[in-house]
Amino acid sequence: MPLDTKTTGFKYIGTRPDRPDGIDKVTGKARYGADAYAPGMLHGVMVRSPHAHAKIKNIDASKALALKGVKAVVTRADFPTGLEGEDWNIQENCMAGEVALYDGHAVAAVAATSLLLAREAAKLIEVDYEVLPHVTDVDEAMKPGAPAIRAGAADYSVPEGLHPNVMRYIEYGHGDLEAGFAAADLVMENTYKTEATHQGYIEPHACLAQLGADGKGEMWVCTQGHWFVRRMSAAALGIDVANLRVTPSEIGGGFGGKTTVFIEPVALALSRKAGKPVKMVMTRSEVLRATGPTSSSSIDVKMGMKKDGTMTAAKVTMRMQGGAFPMAPIDSALDCAFSCYNIPAVHHEGYDVLANRPKQAAYRAPGSPMAAFATESLVDEMCRALKLDPLKTRLQNASREGTKASFGPTFPRIGLVETLEAAIAHPHYAAPLGPNQGRGVASGYWMNWGGETSVSAALGEDGSVTVSVGTPDIGGSRASMALMAAEALGIPYENVRVNIADTGSLGVNEPTHGSRATYASGLATIEAVKQISTKLCQRAADKWGIPVEAVIWEDGSAKPSGPNAGEFPPLTIGELAAEMGGTGGPISGHFEATPSGHGGSFGTHIVDVEVDPETGYTSVLRYTVVQDAGKAIHPAYVEGQFQGGAAQGIGWALNEEYIYGADGRLQNTVFLDYRIPVASDLPMIDTVIVEVPNPGHPYGVRGVGETGITPPLPAVANAVHAAAGVRLRSLPMSPPRILAAIKAKG
Amino acid sequence: MRYHTPATFEDASAIAAATSGVTRFLAGGTDVLVQMRADIVTPDDLIDIKHIPGVKDVVLEDDGCWRIGAAVAGAELTAHAGLCADWPGVVEGMGLVGSTQVQGRATLIGNLCNGSPAADSVPGLAAAGAEVSVVGPKGARQVKVEDIPAGPGRTTLAKGEVIAGVYLPPRGKRGGDAYLRFIPRTEMDIAVVGCAVNLRVDGDKITEARVVLGAVAPTIVVVADAAKALIGSTLDAAALDALAAAASAACRPINDKRGTIAFRTDVAGVLARRAAKIAYDRARGAK
Amino acid sequence: MTQIHVTTTVNCDEVEFLADPRETLLDCLRDKLGMTGAKEGCGTGDCGACSVTVDGRLVCSCLVLGVEAQGKTIETVEGIADGEKLHPLQRKFIQHAALQCGICTPGILVAAKALLAQNPDPTEEEVRYWLAGNLCRCTGYDKIIRAVLDAAVEMREGV
């Protein structure tokens, strides 16, 4: 798609206006998933397996159904059979069939006239289980003798002789690996492990569903992508997508975890059976046990480096479990592992492994943080061994425009070099440190995404413009869309209203995921509103009686331009809009595409920590994020993405983890024990927005949402090493682990 | 579930004694409501004691004793200048329980009766020599704080017994106390290890001491050997070493999601040293 | 069903509702009074999204029973603005982009307002510790802290 990329001279882009939905969100008026009510509404509650792996022998709901006010119970028997592939996986995950595959796996659900009653009824549903052996660790799940979770389900890519829990195998690379390692002065190889973490959005999943016996339904749901919800729910229930209209609520965080379905098809099934709307809201413990945390991983990395810091070869093997279903993100993890570097020989190997855990879902740059933890920790170790500056060494090897990426293609214009240069120049990098304090750095990458996108814009009679997008506003994207529309039309920001349209109002839109909303919906918004200005130029040309080629659109007005245009006073958008009924009718613009010019975003982080040598407690003292935004449309929300990503990464590095007991049950199912950073855990998080325009977007935008979670894992590990003299190769770096390492060092 | 609002502790006790089902007393509710929400406990009778006169009192008795009502919230204790001056360690233990919001509701007695070995306010109370007044079917009795916990989630209280108030002994001259806990974050966690130290000095010399550990055994542990290590010393390096060794030796911890045996044992010694220094400084301070 | 009649004052209005004693104040505010500003993020007092004040004291409404509200004075996020006029905290949160998804915002505003009522000039550290029970997963807290400190300045100066 040829784009007339504008990178300077902006009037609205780059300013920081109040977000359009701000007042609703500071006054409690904004309606989130659980804030919807319908006449006659029932409450749905799930029954979940207490076992990590168990055959479901029988489900007896008679006692529950005998309670007055209990209207329906559903089990897998209420869902259609014969689904295949990912449709089957989703259906199976939403409601177990023959076997409960993890602690928290849904096995039945009940709808009743009150939530208290539904909870009581759920406790009365008797499930007869035959407990099976289980496995929750990725390395254990690949060993001979580990229980096979879905024997025979592995795809063609898996070589002979591997455990049946290995679902997929990937191998690729380029260059002469052996020669590369032979040319190195230092070759190091280590194994790293990361534990599963959860996106930790504060809003639990919630929906209000209605489905009639005729197969027509509606749903209100908190989601990052309502078209995904529609497709997945329709498939799980065997209904046509067009018969299901899905309206997104405001969304209380997602980070990738709300790009799939968990309760939605079940609420629809309950509604169909009960003949009434059904509301389902997860508890926090359900969110942690039974939504989609990340994979856990086990990673071997080997790298070769010359004395001067030149990287000569690199090899990575990633083993990831994504729960009891395939599709752990080995692909993107491998792609990101060496993406920061121009290395002549690279080799990647990945194993997608089943374990008795919940089906992993996307979490902010899925796979990349794990890969970065391994690679960027090893780069730090090698820089230490060779007494090299870690940022300058990264700069020396940095990927740049024209570099053949570790994952194959040639990089277009990218901004890693610029982030490294900005980090080196940042006062933070040279600031003094005290005792027991250390500094760590790391870089990271996310390739971003375009995806199916459909946007409409409509001109109002007063010259204001309504833009309808299909990407839920999860962090200020209405403001970004309004800024881009205002810029493209030359009208005030306040004159643009951005709506998040339901599935009945636009073509298919992928979710707000892959850092795509500002890029893809933004691109489509610009193109849609340009159609409005083009049409307005035509109306003005008609009115003036001159050819449309002699009319230009500038500062929100049609103006005659060129030698033969004649002298006419400009016609403003308001004047043209007021007359549009008589000059040809309503005016709107629409753009839809699957744009693929999303440029990847690189970031480099600097962190200072202090480690208490007597307790292993790590406090984060100072943090700086440097990242390429291409062009920051609303810089405050770009900074917010940087800061939020860093905070989540710090949590992942230090304290967040899924803890399974020997019984395979999740032990930390509340926020008290699933330890996300609290306000007093963090310092201010400084940000530097680097702008290396993305040639694939009219204003140069790169998605910024995901890259920020990638560098913190290794950056904190590198800082801990600098502060305490110990290298932690397993996450989280919780105090008992750090103290044990300090004691072992002596 | 039946909800009761008795006007006296005797009535509260009578309701609890008469029922055959599960009973919970409600003061701050920060444990009971969580347990109800998680289906850990669904009481048949919930007895709200906040309508009983005096439960919100913090009173300095004529003999120097502090009497704290059963429904006094943490935030009310930390805002009480007189109590903070006398028993800073007790108050800081309570102040560490949960968030600002939880502090608005949580109580000392609730923290004690929840029976957690990791309860942050309990080591400080025990180190202070605090007692509680228990009202039950057989009348009232005074019980030392350390005699209430019986193990994780359990207390020594008999059916129908309810705690009406806490009594802290007169602070007296040249005393100081302190409580420290270890958590992996700065806030919002359950103690992995807790340690309270209460002592008295004569000049620079420690004349009385009590050291109490939390989260290292099924109940809090009053560590007599640790107190012995302090008494007679000027908190010199040898005394601190002996204190830390005694504290670590008294640990009977478990490996769990919050910490390991080795970690808890080590850190108990570290916290004992640090808490002792604070208590010592407070005892020798301006007060 | 054994429901108890409760009369209470919410944001200056006297209201009544019937509550099952198992229902929390949060349940009652949301499901019986239609005040959905307070959110349930955890139900265990760990996230603060349901923060309200009861008789001026900051609490998690998920850890208060509806029946306990009898005769109390409750303030929620819906009562922070004065009609159409936003409270300085609300304005500063919008100006500083101190919310991304906005789900934690009602609880944080209620908590921050309670802080400034008792400490008009808090340090950064005091704000961070006061708000430690209000989880935010989007912002990394930076802009929230700045917004609270900035609102405090404005409120002190009486602009």
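Why does B:Cys113 count as buried? The views below belong to a predicted model, in which local features need pLDDT of at least 70, side-chain atom pairs count only at pLDDT 80 or more, and totals for chains, interfaces and linings use all residues. Residues are numbered from 1 along each chain as its sequence is written, and chains are lettered from A and ligands numbered from 1 in the order in which they are written.

**View 1. The surroundings of B:Cys113.** B:Cys113 counts as buried because 23 C-beta neighbours lie inside 10 Å; the term requires 20 or more other C-beta atoms within 10 Å of the residue's own, with C-beta atoms placed from the backbone. Helix H7 of chain B, residues 108–113, holds B:Cys113; a helix here is a DSSP run of H or I with at least four residues, numbered from the N terminus. Beyond its neighbours within four places in sequence, B:Cys113 is in contact (C-beta atoms, placed from the backbone, within 7 Å) with B:Thr155 and B:Ile163.

**View 2. The contact of chain C with chain A.** Chain C contributes 45 residues and chain A contributes 42 residues. On the side of chain C that touches chain A, helices H2 (88–95), H3 (105–118), H4 (124–130) and H5 (142–157) of chain C each supply at least two residues. H2(C) gives the most, with four residues.

**View 3. Domain 1 and domain 2 of chain A.** Domain 1 covers 22–30 + 450–593 and domain 2 covers 36–133 + 201–290, with bounds from an automatic or database domain assignment. Their C-alpha centres lie 39 Å apart. In chain A, 14 residues of domain 1 are in contact with 16 residues of domain 2.

Technical notes. Buried ≥ 20, exposed ≤ 12 C-beta atoms within 10 Å, placed from the backbone. Contact = placed C-beta atoms within 7 Å.
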